[in-house]
Amino acid sequence: MAFLKGIRISTFLFSGVLVYFAVHFFVGQQGVLSWHSYVQRADSLMAERDSLVKQRAELERKLARYQAGQVDSDYVEERAMSQLGLAGPDDIVLTLPKTAAVTASSASSQTPNP
């Protein structure tokens with residue numbers, strides 16, 4: 001009888017351990033059901049990485065314009081004038097009142113191009 005009682009206890013313990021690992025296999029943090037969310041997160045991170053790689057390439061391309069010995073003087077002048085709001089001696093500057101600028105832009109968008 002003691003032998004059967006020992007088998008029942010060991011079977012019960014083995015079943016409990018088996019159930020514990022089975023539950024964690026499916027539901028746990030590293031479980032099968034969590035796998036889908038990890039795949040989605042990996043996909044979004046890969047898309048973000050691709051976007052950042054493109055952005056870095058664009059910034060490196062812009063930076064190459066400022067490298068010593070390769071400076072594009074027209075580009076530097078244009079950027080400086082647009083950011084500082086300046087005009088060159090040969091430039092013609094037209095200033096429009098804000099209401100006229102809005103009216104002119106809306107009128108040009110309403111008239112069909114021939």
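Start by selecting helix H1 (2-27) and helix H2: each supplies at least two residues of the nonpolar patch. Helices here are DSSP runs of H or I with at least four residues, strands are E runs of at least two, and numbering starts at the N terminus. This is a predicted model, in which local features need pLDDT of at least 70, side-chain atom pairs count only at pLDDT 80 or more, and totals for chains, interfaces and linings use all residues. Residues are numbered from 1 along each chain as its sequence is written, and side-chain values use heavy atoms, with hydrogens and water left out.

## Whole chain

Show the cartoon. The protein has 4 helices and 0 strands. Along the sequence the pattern reads α-α-α-α.

Switch to a surface. The accessible surface is about 10600 Å², and carbon and sulfur atoms own 65% of that. Areas come from the Shrake-Rupley method with a 1.4 Å probe; for residues, only the protein chains shown count as cover.

Colour by relative accessibility. Of the 114 residues in the protein, 4% are buried. Buried means under 20% relative accessible area, exposed means over 50%, and partly exposed lies in between (1.4 Å probe, protein chains only).

## Nonpolar patch

Select Val19, Val23, Phe25, Phe26, Val27, Val32 and Leu33. Together they form a nonpolar surface patch with about 690 Å² of accessible area. A patch takes residues with over 30% relative accessible area and no salt bridge; like charges are joined within 9 Å, and nonpolar side chains (Val, Leu, Ile, Met, Phe, Trp, Tyr) within 5 Å.

Which helix gives the most to the nonpolar patch? H1 does, with 5 residues. Now pick Leu33, which sits in helix H2. Leu33 counts as exposed because its relative accessible area is 61%.

## Ser34

Step along to Ser34, also in helix H2. Is Ser34 buried or exposed? Ser34 counts as buried, because its relative accessibility is 16%. Leaving out residues up to four places away in sequence, Ser34 touches Val27, Gly28 and Gln29. A contact means heavy atoms within 4.5 Å.

## Salt bridges

Next, turn to the charged side chains. Side chains of opposite charge can pair when their charged atoms come close. How many salt bridges does a search of the whole structure find? There are 3. The criterion is a side-chain nitrogen of Lys or Arg within 4 Å of a carboxyl oxygen of Asp or Glu.

- Select Arg49 and Asp50. Their side chains meet in a salt bridge at 3.0 Å, N to O. Arg49 is partly exposed at 44% relative accessible area. Asp50 is partly exposed too, at 37%.
- Select Arg56 and Glu60. Their closest N and O atoms are 2.9 Å apart in a salt bridge. Arg56 and Glu60 are 4 residues apart in helix H2, so about one helical turn separates them. Arg56 is exposed at 57%, whereas Glu60 is partly exposed at 43%.
- Select Glu58 and Arg61. This salt bridge spans 2.4 Å, N to O. Glu58 and Arg61 are 3 residues apart in helix H2, so they too are separated by about one helical turn. Glu58 is partly exposed at 32%, and Arg61 is partly exposed at 42%.

Move to the loop between H2 and H3 and pick Gln70. Gln70 is exposed, with a relative accessible area of 55%. Setting aside residues up to four places away in sequence, Gln70 touches Ala64 and Arg65.

Stay in this loop, which lies between helix H2 (32-64) and helix H3 (73-84), and pick Asp72. Asp72 counts as partly exposed because its relative accessibility is 33%.

## Last stop: Met81

Finish in helix H3, at Met81. What does Met81 contact beyond its neighbours within four places in sequence? Its partners are Leu86, Ala87, Gly88 and Asp91. Met81 counts as partly exposed, because its relative accessibility is 22%.
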